[in-house]
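This briefing is meant to be read alongside the sequence and the three-dimensional view. It takes up the overall fold first and then turns to a few selected sites.

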Amino acid sequence: MSKLVIVGTVAFDAIETPFGKTDKILGGAATYIGLSASNFNVDSAAVSVVGGDFPQEYLDLLKNKNVDIEGIEVVKEGKTFFWSGKYHNDMNSRDTLVTELNVLEHFNPVVPENYKDAEVVMLGNLHPAVQQGVLNQMTEKPKLAILDTMNFWMDIALDDLLSVIKNVDVITINDEEARQLSGEYSLVVAARKIQEMGPKYVVIKKGEHGALLFHDDNVFYAPALPLEEVFDPTGAGDTFAGGFAGYLAKTGDFSFENMKTAVIYGSTLASFCVEKFGTERMQTITDKEIYKRLDQFKSLTQFDIELN
């Protein structure tokens, strides 16, 4: 089993959807990735920063899920990163109401000494210079470096982003971001152009329409599980990334064939995440529930056909 380093925000979110609203609750990319990856019992560590206002119980939650928290810096006199958003009725689009960088503004990640040789690194959505800073600290080149990013960094730090993209094996972005990064509307052409930037594998997330995996001329598509209710899509993409990275770290097999299974695991875990607000559902998920849902995925996608 491979070690997994998870880099990203550990934060507060305040969310409003058509189903209700929350006050400040636990959020952040590294939180969702860590909780998702913990379902594979991998040796993982989170690298992030929080303020003195961050409750110990949230740190204990990650620790109890076997996520090493030594790399989460606590700036006692600072305030934790805070994001607030409101989702539209379609649950696909949202408005950001508040973004307070707080301690994240001067975040300088420090990878714990015993994780600097980790085989898998999951670079959650952060400034690309911070993502590169983490790769620079690894004593051995990771066997698999996965990067998640967003259009915000394409707008304000494109050069830094292109620089770190050269050094990763997998990039996970949504369809809108893939089009912006590549300048191409067709996702097949977009994926090819992004592969030319460095990553051997491109995962394009399409929300309720599933995910696409590209490698050379190979394409794999996984649908999203049709759900009766979606309460809160926040963190679904990070949960997907955590399931994807967690499965690959557990199996140590980084082939295209195994990545197809990793995409299914990522989609399965993301389907749980959206059922309740914030990280609530991810805190209680069981192996039995995961296997049952994987079985639903199997029946959703498998069929026999006679080709004459």
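The protein chain has 308 residues, for which a compact globule would have a radius of gyration near 19 Å, and the chain's own value of 18 Å agrees with that expectation. The model is a predicted one, and the values below are computed from it.

**Overall build**

- Along its principal axes, the C-alpha trace of the protein chain spans about 70 × 45 × 40 Å.
- The secondary structure of the protein chain comprises ten helices and 15 strands.
- Of the 308 residues in the protein chain, 55% are buried, and the chain exposes about 14,200 Å², of which carbon and sulfur atoms supply 47%.
- Among contacts in the protein chain with a separation of 6 or more, 64% are between residues 24 or more positions apart.

**Helix 1 and Ala 29**

- Helix 1, which covers residues 29-37, is mostly covered, with nine of its nine residues buried; among them are Ala 29, Tyr 32, Ile 33 and Leu 35.
- Ala 29, which lies in helix 1, has a relative accessible area of 6% and therefore counts as buried, since the cut-off for that class is under 20%.
- When neighbours within four places in sequence are left aside, Ala 29 is in contact with Thr 9, Asn 125 and Asp 238.
- Ala 29 and Val 7 are 22 residues apart in sequence, and their C-alpha atoms are 8.2 Å apart in space.

**Asp 238 in helix 8**

- Asp 238 is found in helix 8, which runs over residues 236-251, and, leaving aside neighbours within four places in sequence, it is in contact with Ala 29, Tyr 32, Ile 33 and Asp 148.
- Although Asp 238 is buried, it has no salt bridge, and the nearest side chain of opposite charge, that of Lys 205, is 5.7 Å away, whereas a salt bridge is counted within 4 Å.

**A nonpolar surface patch**

- Phe 303, Ile 305 and Leu 307 form a nonpolar patch on the surface, and together they have about 420 Å² of accessible area.
- Ile 305 counts as exposed because its relative accessibility is 61%, and the cut-off for exposed residues is over 50%.

Notes: Residues numbered from 1 in each chain as written. Predicted model: local features only at pLDDT ≥ 70, side-chain atom pairs only at ≥ 80, totals over all residues. Heavy atoms only, no water. Patch = residues over 30% accessible without salt bridge, like charges linked within 9 Å, V, L, I, M, F, W, Y side chains within 5 Å. Areas by Shrake-Rupley, 256 points an atom, 1.4 Å probe, with all protein chains shown as cover. Buried < 20%, exposed > 50% of the residue type's maximum accessible area, 1.4 Å probe, protein only. Helix = DSSP H or I, 4+ residues; strand = E, 2+ residues; numbered from the N terminus. Rg over C-alpha atoms; globule rule 2.2 N^0.38 Å. Contact = heavy atoms within 4.5 Å. Lys, Arg positive; Asp, Glu negative; His and termini not counted.
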